[in-house]
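Please load the model in a viewer and keep the sequence panel open beside it.

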Amino acid sequence: MGSALLLASALGVTDMRAQAAAQTGTDEAVDPATRATTEDAIVLSEFVVTSLRASAVKALEIKRHNPQIVDAIVAEDIGKFPDNTVAESVQRLPGVQVTDFGRGTIATVTIRGLNDVTTTLNGRNIFTASGLNLSLQDIPASLLSEVVVSKTRAPSDLESGIAGVLDIRTHRPFNFDGRRVSLAVKGTYQEQGEKYDPNLSALFSNTWKFANGAKFGALLNVSYMTTTYRDQSVTAGAMVPFTTDNPPAGWTTWERIFTADGRVTENPIWQPGTEEGLSTAPGSTLKFNGQDVEYVLARDAVFQSDGKGKTKRPATNLSLQFAPNQDSEYTFEFFYDGYRNEHFGNLLFSFVDWWNGQKGAVELFPGTNIVKSRDLVGDVYTFNSGDMSTGKTDSYVTSLGGKWNLTPDLQLKSELVHQTSEYTSDFFALRSVRNSMSNIAVDFNPGNGVPAFDFIGTDVADPSVWNLGHIWDQSFKNKGSAVTLTQDATLNVDWGWIRRLRFGGRYDDRRASEAARYAEGDAPWVPLSSRPELVYVNSGFFDGRSDTPSSWAAPNGYYTSSHKDEIRGLANMTLSDGLSLLEDFRVKEVTAAAYLQVDQIRGDIAGHPVTGQLGLRFVDINTNMTATDRGTLVSASGNTSANKLLPSGVLSFGLTDQLFLRTAYGQTLRRPGFVQLNPNIRYTRDVTNIGYGTASGGNPDLKPVTSTNYDVALEYYFDEATGISVSYFNRQIDDYIVDFRRRVTYTDDIGTYDYILSAPANASKGSLEGVEIGGKYYPRHLPGYLNGLGVEASFTTLQSSLDIPITNDAGVVTGVLNTEFPAVSKNSYNVTLAYEQPRFSARVGYTWRSKFFHNNEAAQFANPLQIWFADQQSLTAQLSFKITDNFVMTIEGTNLTDDIQQSYYGTGANSSVTNNFGSWIIGRTFSVGARYSF
């Protein structure tokens with residue numbers, strides 16, 4: 001690190017990239033353009049981050065001196081990142097939003113409203129199993145030195161990821177001067193899981209300097225993180241129409257109206273799966289044999305899920321660096337991340353749509369035809385399920401790279417990377433069914449959005465009221481590998497404003513495959529209580545925050561998963577020694593890219609400095625796939641190809657020494673996922689008596705999605721630890737992939753059946769624009785105890801528009817629906833207050849995002865198709881006590897607001913009340929940790 005700072009300081013403030021390299025320890029640190037004579041060099045001390053303020057300083061330096069528009073989070077000390085995982089930390093950055101909380105972590109990260117985020121490790125593209133991107137929740141934050149989110153792209157950067165690039169940077173030995181050791185331990189109490197989880201990490205690094213000027217460094221960083229979780233949710237089912245107290249002739253009062261019925265000539269009677277859903281106005285009607293018949297809308301079911309589990313995430317980073325002289329450097333790195341999960345899912349499900357039993361009193365939401373409550377629904381079908389799923393991921397990345405100063409003006413870099421990743425999982429479930437029909441009272445929304453229901457005269461925690469039912473037995477294996485070679489050259493020139501050229505190429509040979517097996521059968525119709533070892537009764541469900549059963553009996557997933565052959569034998573299913581997986585598809589994708597970049601533009605206009613980058617990147621993608629049809633076992637092969645020339649450029653104009661204006665233009669692309677290219681179609685029969693099933697498949701003819709990007713940013717840096725930025729961005733997206741839906745007929749071993757088929761197509765386009773405001777403020781020399789205060793904050797507002805074709809049952813486009821991109825909140829912000837003294841520091845962070853469209857419901861029901869998530873918020877706090885110069889204690893808390901998160905159907909003004917869908921608890925965590933460094 002010291003040599004990088006010396007070179008950067010020798011260059012002066014106009015070489016932005018070299019200064020960024022000095023701060024980040026990246027390969028640019030030995031760029032020959034930064035060379036200076038010994039007389040001009042100024043030796044700077046090593047920059048080691050050891051505090052909140054120092055972390056802010058380095059993050060601002062990365063942002064200020066990178067030619068592209070970026071934001072960064074920097075570890076406050078070795079092994080001390082702000083949160084437990086990468087996904088938790090990046091939500092504090094402008095334009096970054098997170099969602100899909102579950103199993104003790106965050107699953108989805110979006111940048112500027114898009115979830116197509118390319119993840120890199122020290123600049124290398126990495127992935128999990130057969131996917132294109134990395135599962136960020138699997139990367140422990142304790143291994144990281146910093147995370148940089150790039151929102152614009154240079155031609156030398158990867159072309160994929162229309163949302164942006166998230167670069168995870170680990171420690172390297174040359175980042176430290178001499179020996180460095182850090183040991184950390186943290187115990188985390190998961191409030192819902194009711195367990196203390198150990199989280200351990202250790203770093204060992206040393207650098208040796210030799211008399212001939214050579215230098216060698218070795219670093220080993222290991223981490224082990226566990227999470228015990230409990231996911232709990234209560235859900236009101238989908239909406240379907242019913243007759244009223246005045247049904248037509250031949251119909252029963254409050255009878256469910258299916259889409260087709262032999263008593264009615266109209267077919268379909270009503271159209272399921274529309275964006276708006278059926279009308280909710282009082283007195284709305286459907287046609288029955290040409291006559292208007294009034295209907296009401298009610299839910300088909302209520303259900304709740306209690307999931308318990310534990311994840312383990314081991315990780316290792318090994319880095320070896322060797323610099324035989326000032327003109328060459330070699331780096332070998334090995335990175336491993338693993339994931340282990342065991343999850344027991346306990347489901348209680350009851351239909352509430354039966355009409356031949358007792359009806360009871362019915363209440364509608366005022367001003368609608370939507371049922372709010374029924375004090376008695378008689379003779380409903382009720383079941384539960386004990387599901388055990390296990391998952392295991394092992395990912396390995398090995399790289400060897402070098403860089404050489406061939407002449408004072410020419411530098412060459414090369415790196416060879418090999419990575420493999422495999423994910424295996426099993427799912428084993430045993431259903432139990434009520435051995436007599438149930439009576440249930442239900443209020444779909446008593447006022448808090450959480451459905452309330454109770455089984456009349458039945459104790460669902462009594463195992464004698466349940467009989468054994470259906471068995472599901474499934475296994476999956478997803479594999480991925482890649483060999484990647486990159487070559488880059490940098491040439492210093494003196495062509496007026498053009499001071500440096502950069503050119504190179506990348507060759508990537510990617511392989512992926514997915515295999516699975518599916519089996520099912522029926523256990524004997526005997527009481528659950530007759531097999532005591534199969535009985536599991538939970539307790540304390542939903543922390544008493546719902547008016548639903550807090551306990552129920554279900555099959556014991558822990559027992560069934562450890563006695564699979566015994567359970568399979570109950571249904572005469574194939575035993576373990578006869579099981580095998582069938583490969584669904586195998587892919588080989590070769591990507592070749594070349595770029596030419598004006599790497600450094602430097603000049604001035606009217607005394608104001610102008611810097612920038614611009615150039616072109618050409619990418620060629622060839623994909624070959626072999627897929628196997630599970631029904632016929634016939635394999636088919638196909639291939640697709642695409643190529644694209646992607647221009648990009650960024651200019652920075654120095655209005656003053658502290659105020660900069662940046663403008664950027666670029667094009668990026670998103671490759672279709674391998675699953676999306678799979679031509680096989682999977683058919684799933686109706687499980688809710690709707691009258692037809694669902695089917696899904698891929699499309700081998702998909703093209704990459706392309707995005708044309710415009711950015712303008714104004715950045716003002718008050719001092720080294722204080723800065724504010726305002727950015728405007730616009731994305732024009734073409735060939736966006738959406739699911740086309742149409743009704744099809746398919747014949748299997750059981751017979752011929754109707755299905756609604758969804759398959760992807762490049763059938764949409766959209767736009768997204770927004771404004772980001774972000775800043776850090778760590779003032780100097782405040783009076784008294786106020787000295788040490790600081791604040792970091794960001795605000796993002798987004799507007800998105802997506803045109804989705806509307807199809808009828810035959811798949812004919814009948815119109816275009818304009819909607820929003822999924823997972824895009826219009827507004828989001830976060831504020832972090834910090835306070836730091838020599839022996840004590842504190843940080844409190846609050847994050848909020850507004851409601852957002854999350855996903856579409858299955859196209860089988862009468863409610864609006866879209867599912868929206870309500871506003872979400874999170875509060876975290878951390879205290880650190882520096883006991884000695886080497887020993888630090890920490891206390892942390894996350895999700896301190898402990899909110900119930902909720903979702904609902906549609907976009908109406910009152911949808912969250914009348915169309916409430918799911919409610920779930922994330923839970924708080926509390927941690928105590930210690931870190932010793934020397």
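**Stop 1**

Select strand β2 (residues 96-102) and strand β3 (residues 105-111), which run antiparallel and are joined by 6 bridges. Helices (H or I, at least four residues) and strands (E, at least two) are DSSP runs, numbered from the N terminus, and two strands pair if DSSP finds at least two bridges between them.

The model is a predicted one, in which local features need pLDDT of at least 70 and side-chain atom pairs count only at pLDDT 80 or more, while totals for chains, interfaces and linings use all residues. Residues are numbered from 1 along each chain as its sequence is written, and side-chain values use heavy atoms, with hydrogens and water left out.

**Stop 2**

Next, display the open sheet of 5 strands, whose order is β1-β6-β7-β4-β5 with mixed pairing. Its edge strands, β1 (70-74) and β5 (124-125), each pair on one side only. Inside the sheet, select β6 (residues 144-150) and β7 (residues 164-170), an antiparallel pair with 6 bridges; the bridge partner of S150 in β7 is V165.

**Stop 3: nonpolar cores**

Which residues have the most contacts inside the largest nonpolar core? They are V86, L136, L166, I168 and F821, in a core of 50 residues. A nonpolar core is a set of buried Ala, Val, Leu, Ile, Met, Phe, Trp, Tyr and Cys residues joined through side-chain atoms within 4.5 Å. Buried means under 20% relative accessible area, exposed over 50%, and partly exposed in between (1.4 Å probe, protein chains only). Strand β34 (residues 722-747) supplies the largest share of this core, 5 residues. Centre the view on L166: residues up to four places away in sequence aside, L166 touches, among others, V86, V117, L136 and V148, where contact means heavy atoms within 4.5 Å. A second, separate core has 47 residues, including L348, F453, L534 and A554.

**Stop 4: aromatic rings and charges**

Select F303, F349, F351, Y381 and F383, which form one aromatic cluster. Rings of Phe, Tyr and Trp (its six-membered ring) pair if their centres lie within 6.5 Å; planes under 30 degrees apart count as stacked, over 60 as edge-to-face and the rest as tilted. The count of aromatic pairs comes to 35. One of them, Y381 and F383, is tilted, at 5.9 Å centre to centre with 45° between the planes. Y381 is partly exposed, with a relative accessible area of 34%, whereas F383 is buried at 7%.

The charged end of R263 sits over the ring of W251, 3.6 Å from its centre, and R685 lies over the face of Y753, 4.4 Å from the ring centre. The criterion is NZ of Lys or CZ of Arg within 6 Å of the ring centre and within 35 degrees of the ring normal.

**Stop 5: a loop residue**

Finally, select R780, in the loop between β35 (752-777) and β36 (789-807). R780 is partly exposed, with a relative accessible area of 42%. Leaving aside neighbours within four places in sequence, R780 is in contact with R53, D719, E720 and N787. R780 and T722 are 58 residues apart in sequence and 9.8 Å apart in space, C-alpha to C-alpha.
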